[in-house]
Amino acid sequence: MSLYRDEGVVLRTQKLGEADRIITILTRRTGKVRGVAKGVRKTMSRFGARLEPFSHVDLQLHAGRSLDVITQVETLRPYGEALVTDYPRYTAGTAMLETADRLIMGEKEPALRQFLLMLGGLRTLAEGTHEPRLVLDAFFLRSLAVAGYAPALSGCARCGAEAVRAFAIASGGVVCGACRPAGAAVPAAETIALMIALLRGDWAAADASESRHRTECSGLVAAYLQWHLEQGIRSLRHVEREWAGRDPVDREWPEGRASHPGEAARTR
């Protein structure tokens, strides 16, 4: 087996046998990797605690036929320590990890931009400088853009017209009155402006947005993401529960939209 070294972010872990775990890691150079960490569930494990989700690690692996074997691990930044004590940040971070895992389908295919997005997103969540749901929506939009699924936000997704009237998930973003399909959402102009700010990294504008526009933005972004993934993001249930509990404003959605963010993607 050949030996290689890389740095990465732990996306998830799975039990294997009585003492081992399968660790899924998004790495800087190699892409998404699945490796076996032998004996990490034992009390005397040398590096079990270093291979928890959210951890930014430097690791050494032996390449195997189906699964690589992790032989060394060093912690670079333990982002989980800051996130596990704060429920909104923890649930947002969990949704980010799951999205990266689902969005990057192939293993050992370089995904540097996705890796850098993940690292930046976790760092921003850990610092607590922005509202967690804004950070999550920014991560969703930018990850989709890197994957080639960026929504049209400035001109009609179908004809390019500037006079946009609605947001149609299946059409690829905002649409004009002539191209608007039945049941398309009609978000506020401020909501679309917030999506643009998040995609561009304009945090001054994003942080100044109103709560109701953040709520509407989150619903549209979640539905758009899950439409393109063709499956739901399970961890979003917990994010949405926290979101609903903290922000009771504006519970009504335009005709054709479900009352729960993400439902549109599952009922299209």
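Which residues in H5 meet which residues in H7? The legends below take up this contact and then two single residues.

**View 1. The contact of helix H5 with helix H7 in a predicted model.** On the H5 side the residues are Glu190, Thr191, Leu194, Met195 and Leu198, and they meet His213, Arg214, Glu216, Cys217, Leu220 and Val221 in H7, where contact means heavy atoms within 4.5 Å. The residues of this contact divide into six nonpolar, two polar and three charged; Ala, Val, Leu, Ile, Met, Phe, Trp, Tyr, Cys and Pro count as nonpolar, Asp, Glu, Lys and Arg as charged, and the others, Gly among them, as polar. Residues are numbered from 1 along each chain as its sequence is written, and side-chain values use heavy atoms, with hydrogens and water left out. Because the model is predicted, local features need pLDDT of at least 70 and side-chain atom pairs count only at pLDDT 80 or more, whereas totals for chains, interfaces and linings use all residues.

**View 2. The packing angle of H5 and H7.** Helix H5 (residues 189–200) and helix H7 (residues 211–229) pack at an angle of about 65 degrees, and their axes are 9 Å apart. That makes H5 roughly perpendicular to H7, a term for angles of 65 to 115 degrees. Axes here are lines fitted to C-alpha atoms, for helices over the stretch in contact, and angles run from 0 to 180 degrees between N-to-C directions. Helices (H or I, at least four residues) and strands (E, at least two) are DSSP runs, numbered from the N terminus.

**View 3. Helix H7 and the residue after it.** Of the 19 residues of H7, 15 are buried, so this helix is largely enclosed by the rest of the structure; buried means under 20% relative accessible area, exposed over 50%, and partly exposed in between (1.4 Å probe, protein chains only). H7 is followed by Glu230, whose phi is positive, near 60 degrees.

**View 4. Gln60 in strand S4.** Gln60 lies in S4 (residues 55–62) and is buried, with a relative accessible area of 16%. Leaving aside its neighbours within four places in sequence, Gln60 is in contact with Leu3, Tyr4, Arg5, Val69, Ile70, Thr71 and Gln72.

**View 5. Tyr90 in helix H2.** Tyr90 belongs to H2 (residues 87–103) and is partly exposed, with a relative accessible area of 34%. Not counting residues up to four places away in sequence, Tyr90 touches Phe54, Leu83 and Val84. Tyr90 and Pro132 are 42 residues apart in sequence, and their C-alpha atoms are 8.8 Å apart in space.

Notes. Parallel < 35°, antiparallel > 145°, perpendicular 65-115°, else oblique.
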